[in-house]
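Here's a quick briefing to read alongside the model.

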Amino acid sequence: MRIIVDAMSGDNAPHEILRGVFAADDEFQASYIIVGDREVIETTAKECGHDIRRFEIVHTSDTITMEDDPLSIVRAKKESSMAVGLRLLAEGRGDVFVSAGNSGALFTGASLIVRKIRGINRAAIASVLPFDPPVMLLDSGANLVVTEENLAQFAVMGATYMKNYYGVENPRIGLLNNGTEECKGTELRVSAYKYLSEYDGINFVGNVESNHLPFDTCDVVVTDGFCGNILLKCVEGMGKMVMGELVKLFKASPVSMVSAVMVKNRLREIKHKYDPTEYGGAPILGIAKPVIKAHGSSNAKAFKNAIRQAIACVDTGITYDIARAAEGFRAKKDSENNGEKQ
């Protein structure tokens, strides 16, 4: 397996990105194509104490920043590390691409350079909410405006991911809303409820409120990227806050510090569950080849885990299963069109 890495994008690039690659190389069976400024990459690798000579480096001196317009990836910055890496993926030079860079640019580049799976109207960023059991959120930031059909496709793609990656049979699909009644929410959500209820092949369980998500109400929750991104960041912030409060609680007195020793294993488990670095990144589902969006502030551990997720996406064949599901989307669309003509 060949993994293409954008070494220059992200808040901590290239140092933490390369450290993550080196850690992944020690742990996983894969080879790597590192895209970025060759001189900077070689200097950084030397500073990290690693021999970069056994890695393939594709040189490019340009980088897409977090402030750049998403369309710059196909316009002003076509020779950036992100754009070049996506082209290598599209050309078949590698099996999966991983970047911690600008989400909008990565999504745009994946859609326009690698291209969407035929039959998929909109790709979506799929993020795992760290509940017990985990919940897959689509879309978590790419599509600010969606249709009922988009949400249905998100549901199928999310269900495919949960089945392949987590082994969940017949994943339950929820529609994020401000109430459980089918008449609640915006006009889109009312019509989406009806559309999802009648959509063959998904296990739709109805509207789900955000405060119910941690309590095993569904396996996949679908929404537009605006609401999804707000939900995702709220969950991440709450996790950090709770862990911070627990640390302060157990450091408050000698007695509480003794108590902390007694429950340290359980605390470690909780920290592991809510630590964003453990999940690494989010796949952009609906793209013809796997693309993984690592967190913009990824440290070496987070980027290593993004690579782990990238390997799993290839090994489990998620992209191929979504492509097979897309054949059903096309058949359904053809049937609807024929019905309208009659």
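On a 1 Å grid over the protein atoms alone, a cavity is a set of points where a 1.4 Å probe fits but cannot get out, a pocket is an open set with protein on both sides within 12 Å along at least five of seven lines, and lining residues have an atom within 4 Å of a point. Keep in mind that this is a predicted model: local features need pLDDT of at least 70, side-chain atom pairs count only at pLDDT 80 or more, and totals for chains, interfaces and linings use all residues. Residues are numbered from 1 along each chain as its sequence is written, and side-chain values use heavy atoms, with hydrogens and water left out.

**The largest cavity**

- Searching the whole structure turns up 2 cavities of 30 Å³ or more, and the largest cavity holds about 70 Å³ of space (a volume is the space filled by probe spheres set on the points, with grid points joined across faces, edges and corners).
- Its lining is made by P283, I284, L285, G286, I287, K289, P290, V291, C313, I318, T319 and I322.
- β11 (281-285) and α12 (318-341) each put at least two residues into that lining; helices (H or I, at least four residues) and strands (E, at least two) are DSSP runs, numbered from the N terminus.
- By class, the lining of the largest cavity splits into 9 nonpolar, 2 polar and 1 charged, where Ala, Val, Leu, Ile, Met, Phe, Trp, Tyr, Cys and Pro count as nonpolar, Asp, Glu, Lys and Arg as charged, and the others, Gly among them, as polar.
- I318 sits in helix α12 and counts as buried because its relative accessibility is 2% (buried means under 20% relative accessible area, exposed over 50%, partly exposed in between, with a 1.4 Å probe and protein chains only).
- I318 and P290 are 28 residues apart in sequence, yet 8.5 Å apart in space, C-alpha to C-alpha.

**The largest pocket**

- The largest pocket has a volume of about 660 Å³.
- It is lined by 30 residues, with S127, N229, L232, E236 and H295 nearest its centre.
- Two or more lining residues come from each of β6 (127-129), α7 (225-250), α10 (276-279), β11 and β12 (291-294), and α7 gives the most, with 9 residues.
- The lining of the largest pocket has 14 nonpolar, 13 polar and 3 charged residues.

**Salt bridges**

- The whole structure has 17 salt bridges, each being a side-chain nitrogen of Lys or Arg within 4 Å of a carboxyl oxygen of Asp or Glu.
- E16 pairs with R19 at 2.9 Å, N to O; the two are about one helical turn apart because they are 3 residues apart in helix α1 (residues 15-27).
- E16 is buried at 15% relative accessibility, whereas R19 is partly exposed at 38%.
- K194 bridges to E198, with the closest N and O atoms 3.0 Å apart; K194 is exposed at 52%, and E198 is exposed at 53%.
- In helix α12, R324 and D321 are 3 residues apart, so about one helical turn separates them, and their side chains meet at 1.9 Å, N to O.
- R324 is exposed at 51%, while D321 is partly exposed at 21%.
- R2, E56 and R93 are linked in a network of salt bridges.
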